[in-house]
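Please read these notes with the model open beside you. The points are numbered and can be checked one at a time.

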Amino acid sequence: MKKRLSNMTIANVPAAIPRYPRRAVAPGIVHLGVGAFHRAHQAAYVDACLEGGESDWGIVGVSLRSPDTRDALKPQDGLYTLAIRDSAGEQLQVIGSIQSLLVAPENPGAVLAALADPRIRIVTLTITEKAYLRAADGRLDSTHPDIVHDLANPGSPKTAHGFLAEALARRRAAGTPPFTVLCCDNLPANGATLHRLLIEFAKLRNADLARHVADEVAFPSSMVDRIVPATTDADRARVAQQLGLEDAWPVMTEPFRQWVIEDRFPAGRPAWEQFGVTMVEDVGPFEDMKLRLLNGAHSGIAYLGLLSGHATVDRAFADPSIRQFVDRLWAEAIPTLPQDAGLDPIPYTAELAQRFSNTALAHRTAQIANDGSQKLPQRIVVSALARLEAGLLPEHLSLAVAAWIAACAARGGTLPEGHFTDPLDAALADVFGRNLPTAEITAAVFDLAGFANGHAERQKLIELVATHLVHFKQGGPKLAFAALGIGNEPPRLAE
Ligand code: CS2
């Protein structure tokens, strides 16, 4: 049995390792949602800052749900391996920026104490779209049992909203300046969105706290990008073999990474701009381009890939029909992007095509398929509506929405039960079980997910989606593609 990766064993591993004195680093950031994405992205950027001589920005990693990450990393002193993979091979880097780990359900008081610590000046979040607890109309779901719980029990919250509001209240009472809240989830205007939700939550506690959150706490938006497939046992075994040490939870990723942040940090920040982060005034154009082109294509590839029998993104993307579909989806989405932001979507999509073709990642389509109801509004529906408003048809964008509905309905049939999940699963199953005509199923799903809520073009979009859905039902993705003239052309030559 190999020894475990830790401060004691790290010195001679054949990988890049932290050279800075980890014990001398003070905590400066609390991160909520210390999953694989955080460990491949923000924690790696902060590690570079610490390597570059910053010493006040160690990370306290918090899991809001499961103890798994803490259980894996605590015996390793917070150390883990980042495996950066592409066709040229694999580079290993041991990351040292996570100094301690807390599990909120075990000890919410410890999380609040960390958040109230005056040394903490930034709180970052990757809690996934569904944890923002928005109702179908986009406002805070104040009837959600966890929100109800947190309002009744402010000292032992469960939600990010509950933790942030109580910690900000405690800091204020103690005369400690507020931390800056840096949302790193794939939501549109993510900082502003979280700010709005937190003001709504705080209002349910008291008007004074709501005013404090509204007027005195900064919520810069940020765009985060790095593809992070779930770690497999084969990854663990390979990394252990290379390191000569066990690492209970190494993280797999690609060479590409990008972080664009609005520069509003009244309580200070690391010198991120020296370590590859782009600091800007307005992240909007970057965010729109990434959500609509990368994530939009990802979701399309995931659902069409699943329906076509492809388990990974690279295999789905190598399918000539799916590839052609993605090119056309991009062509539909690009004109909806801000034209004057100085960003060029053509080289961007060319780079995306290379990233999606990375066979070393084996990024599972089922992983991306999770939580479609939370993801499609900002990835697909927003561009589809913009096109309809401009008098243009969103044929391929609407096909992606239909593919989501078809893939959801296929679980327990052509796809395994529970192959991917969605917070709306129970309600979706109810709709699918009612034996309704396709147009009514589509409208019911739009209602549940809040797609195009109150939008003038909603009915038109529903009709387009329903037409595709009929094709999926009658002849699977082949017929749905054929109706758009996809698959009738000779396959592209390999580039
Ligand atoms: C993916 C994203 O799982 C998903 O929904 O689209 O996690 C994607 O890999 C990242 O946003 C890339 O930055």
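1. Start with the contacts of Ala44. Setting aside neighbours within four places in sequence, Ala44 is in contact with Arg39, Leu82, Ile95, Arg226 and Arg257. The model is a predicted one, and this contact list should be read as part of that prediction. Ala44 belongs to helix α2, which covers residues 42-51. Its relative accessibility is 4%, so Ala44 counts as buried, the cut-off being under 20%. As a distance to check, the C-alpha atoms of Ala44 and Arg170 are separated by 30 Å, and these two residues are 126 places apart along the chain.

2. How many of the residues of α2 are buried? The count is eight of its 10 residues, and the helix is mostly covered. The buried residues of α2 are Gln42, Ala43, Ala44, Tyr45, Val46, Asp47, Cys49 and Leu50. Just after α2 comes Gly53, which takes a positive phi of about 110°.

3. Next, helix α10, residues 284-307. α10 has 24 residues, and from its first C-alpha to its last it reaches 33 Å, close to the 34 Å expected at 1.5 Å a residue. Where is the kink in α10 centred? The kink is centred on Asn295 and amounts to about 25°. α10 is also mostly covered, with 22 of its 24 residues buried. Just after this helix, Gly309 has a positive phi of about 85°.

4. Leu133 is one of them, at about 55°. Leu133 sits in the loop between β6 (122-125) and α5. With a relative accessible area of 12%, Leu133 is buried, because the cut-off for buried is under 20%. For Ala452, the positive phi is about 60°, and this residue is not a glycine either. Ala452 lies in the loop between α18 and α19 (458-482). Its relative accessible area is 8%, so Ala452 is buried as well.

5. Now the helix pair α5 and α7. Helix α5 spans residues 145-152 and helix α7 spans residues 190-205; their axes come within 10 Å and cross at roughly 45°. The crossing of α5 and α7 is right-handed. On the α5 side the contact is made by Ile147, Asp150 and Leu151, and on the α7 side by Phe201, Leu204 and Arg205.

6. Beyond α5, look at Ser156. Ser156 is found in the loop between α5 and α6 (160-174). Is Ser156 buried or partly exposed? Its relative accessible area is 30%, which lies between the 20% and 50% cut-offs, so Ser156 is partly exposed. Not counting residues up to four places away in sequence, Ser156 touches Pro108 and His149. The C-alpha atoms of Ser156 and Ala302 are separated by 38 Å, and the two residues are 146 places apart along the chain.

7. The pair α17 and α18 has another geometry to check. Helix α17 (residues 425-432) and helix α18 (residues 438-449) have axes that come within 10 Å and cross at roughly 165°. Angles over 145 degrees count as roughly antiparallel, so α17 is roughly antiparallel to α18. Their crossing is right-handed. Ala427, Leu428, Val431 and Phe432 of α17 meet Ile441, Ala444, Val445 and Leu448 of α18.

8. Last, α12 and α16. The axes of helix α12 (residues 320-333) and helix α16 (residues 395-410) come within 8 Å, and the crossing is at roughly 120°. From α12, Phe325, Arg328, Leu329 and Glu332 take part in the contact. They meet Glu395, His396, Leu397, Leu399 and Ala400 of α16.

Note on methods. Residues are numbered from 1 along each chain as its sequence is written. This is a predicted model: local features need pLDDT of at least 70, side-chain atom pairs count only at pLDDT 80 or more; totals for chains, interfaces and linings use all residues. Side-chain values use heavy atoms; hydrogens and water are left out. Helices (H or I, at least four residues) and strands (E, at least two) are DSSP runs, numbered from the N terminus. The expected span of a helix is 1.5 Å times one less than its number of residues. The bend at a residue is the angle between axes fitted to the seven residues ending there and the seven starting there. Buried means under 20% relative accessible area, exposed over 50%, partly exposed in between (1.4 Å probe, protein chains only). Axes are lines fitted to C-alpha atoms, for helices over the stretch in contact, and angles run from 0 to 180 degrees between N-to-C directions. A crossing is left-handed if the near helix is turned anticlockwise from the far one by less than a right angle, and right-handed if clockwise. Contact means heavy atoms within 4.5 Å. Angles under 35 degrees count as roughly parallel, over 145 as roughly antiparallel, 65 to 115 as roughly perpendicular and the rest as oblique.
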